[in-house]
Structure formats: structure tokens, C-alpha cells
Amino acid sequence: SALGEKQKALDYYGQALPIYRAAGDKAGEATALNGIGAVYYALGEKQKALDYYGPALRIYSAAGDKASEATVLNNIGNAYSDLGEQQKALDYFGQALPLSRVVGNRSGEATALTGIGDVYSALGEKQKALDYYGQALPLNRVVGDRSGQANALTGIGNVYSALGEKQKALDYYGQALQLFRAVGDPSGEASTLFNIGHVHRALGEKPKALDYYSQALSLFQAA
């Protein structure tokens, strides 16, 4: 199961961490810390994730590893955004964006842009959100990051849904759904099915809404 795989990853990183520390291998230690943080994030334990991302960030920053630093800054931004601490999230994404550009990491740049879009969307600044998603989407396409594309498309769908432009929202959610399926992301797929269900419900199309909700639920149960 997906949960079993995450537990395995935690066990692996948990064993590796003291070994890296004993050997004075800072790069290895930071990789393990970031890895543990990523697993807790995936498990929905955002605060715990931050406890591990923080030390990883300090090591990368001290070592001058800008590429890894940008990655962890994005990770921290995502965690704060999910916790509803949008101003903190904006601060971390705002640091990740120029760093990603400096090292030429377009995938990291797109992640930061999508994150900033998510923050502005949550703050109700829908036009600003669309602007950032619009910058992220072509970058993700260029680097072939289909998960990143799906996240940006979802963000755009969320904005149009909130603005009452339901047909536009369905179009973007539909594109995101195909990509989540293509990359084998059942969590992203289920969330998108729920989003599509919500739109159909808002349109008064109850049977369609129920169909999408039941598809989403069966995916969640399978996970």
C-alpha cells in the first residue's frame, strides 16, 4: 500500500540519519532530513514536516547549495500554505523563486510560482493568482513536469470555480485529471474528481456530482 511505502521510506531515512551525522556527512544528513520531511508532508503531518525541513534548510544554506536550498524553501512554503499560514508561505516561496532562477532550475521556479498562486488564491486575490499560475504552466510544460502542470491547472480551476466561471473551471480540472492519471497520482486524481463533483453540484447537476464523488471516494479507499 502507499502507506506501507511511506513507512518504509521513514524507516530508511531514520536509519540513515544517525549514520550520516556520525560520519559528519552534512549533505547526506540534509538529504535524509528533507526526505523525512517530505514523507511526513505526504502523510498530512505538515507541522512534523516543518520540523525536519528547517534543519535541512540550515545545512544547505550554510553549504551554499542554492539548488537544494530552493527545493527545501518550496517544501516549507507548501507546508505553511497547507497550514493556512499564507504570509509565511509567501515569504518562503518568495525566497525560492529567485534562487531557482539563479541556478536555472525551471521546475523549482514553476513550483514557487504555483505556490505563490496558491497563496494569492487563498487570500482572495484571484487575478494575481491567475497571473502566477499562468507563468508556472508553460515552464512546467517546457521541463515536462506533468505533476507540476496538473497542480497549476488545478489552481486555475479553483480560481475560475470561485469566480463562478464553472465551465472554465471544468475545462481546467479536466486537463488536470488526465495528467494526474497519466503520472499515477491517485491522491491528485481523487481531489480533482471531488473538485469536478463540487462544480456539478453548484450547477445543480446532482447525479453527475454524485458520480464524481463516488469515483473520488473509491480512490481514497483504495489508497
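## Basis of the model

The model is predicted, so local features need pLDDT of at least 70 and side-chain atom pairs count only at pLDDT 80 or more, while totals for chains, interfaces and linings use all residues. Residues are numbered from 1 along each chain as its sequence is written, and side-chain values use heavy atoms, with hydrogens and water left out.

## Overall fold

The protein contains 11 helices and zero strands. Helices (H or I, at least four residues) and strands (E, at least two) are DSSP runs, numbered from the N terminus. The radius of gyration is 18 Å, close to the 17 Å that the globule rule gives for 223 residues, so the protein is as compact as a globular protein of that length. This radius is taken over C-alpha atoms, and the globule rule is 2.2 Å times the number of residues to the power 0.38.

Along its principal axes, the C-alpha trace spans about 60 × 35 × 30 Å. Of the 223 residues, 44% count as buried; buried means under 20% relative accessible area, exposed over 50%, and partly exposed in between (1.4 Å probe, protein chains only). Contact means heavy atoms within 4.5 Å. Among contacts between residues at least 6 apart in sequence, 45% join residues at least 24 apart.

Helix H7 (residues 126-143) has 18 residues, which at 1.5 Å a residue should span 26 Å; its end C-alpha atoms are 26 Å apart, which agrees. The expected span of a helix is 1.5 Å times one less than its number of residues. The buried residues of H7 include Lys 126, Ala 129, Leu 130 and Tyr 133, and the buried residues of this helix pack against H6 and helix H8 (146-162). After H7 comes Gly 144, with a positive phi near 70°.

Helix H9 (residues 166-183) also agrees with expectation: its 18 residues should span 26 Å at 1.5 Å a residue, and its end C-alpha atoms are 26 Å apart. Among the buried residues of H9 are Ala 169, Leu 170, Tyr 173 and Phe 180. The cover over the buried residues of H9 includes H8 and helix H10 (186-202). Gly 184 follows H9, and its phi is positive, near 70°.

## Two single residues

Leu 83 lies in the loop between helix H4 (66-82) and helix H5 (86-102). With 36% relative accessibility, Leu 83 counts as partly exposed. Leaving aside neighbours within four places in sequence, Leu 83 is in contact with Lys 46, Gln 47 and Leu 50.

Gly 108 belongs to helix H6 and is buried, with a relative accessible area of 10%. Not counting residues up to four places away in sequence, Gly 108 touches Asn 74 and Ser 100. The C-alpha atoms of Gly 108 and Leu 97 are separated by 7.5 Å, and these residues are 11 residues apart along the chain.

## The largest pocket

The largest pocket holds about 1500 Å³ of space. Of the 45 residues lining this pocket, Tyr 41, Asp 82, Asn 151, Asp 185 and Ser 187 are the closest to its centre. On a 1 Å grid over the protein atoms alone, a pocket is an open set of points where a 1.4 Å probe fits, with protein on both sides within 12 Å along at least five of seven lines; lining residues have an atom within 4 Å of a point. Grid points are joined across faces, edges and corners, and a volume is the space filled by probe spheres set on the points.

Helix H6 (residues 106-122) gives the largest share of the lining, eight residues. The lining divides into 16 nonpolar, 23 polar and six charged residues. Ala, Val, Leu, Ile, Met, Phe, Trp, Tyr, Cys and Pro count as nonpolar, Asp, Glu, Lys and Arg as charged, and the others, Gly among them, as polar.
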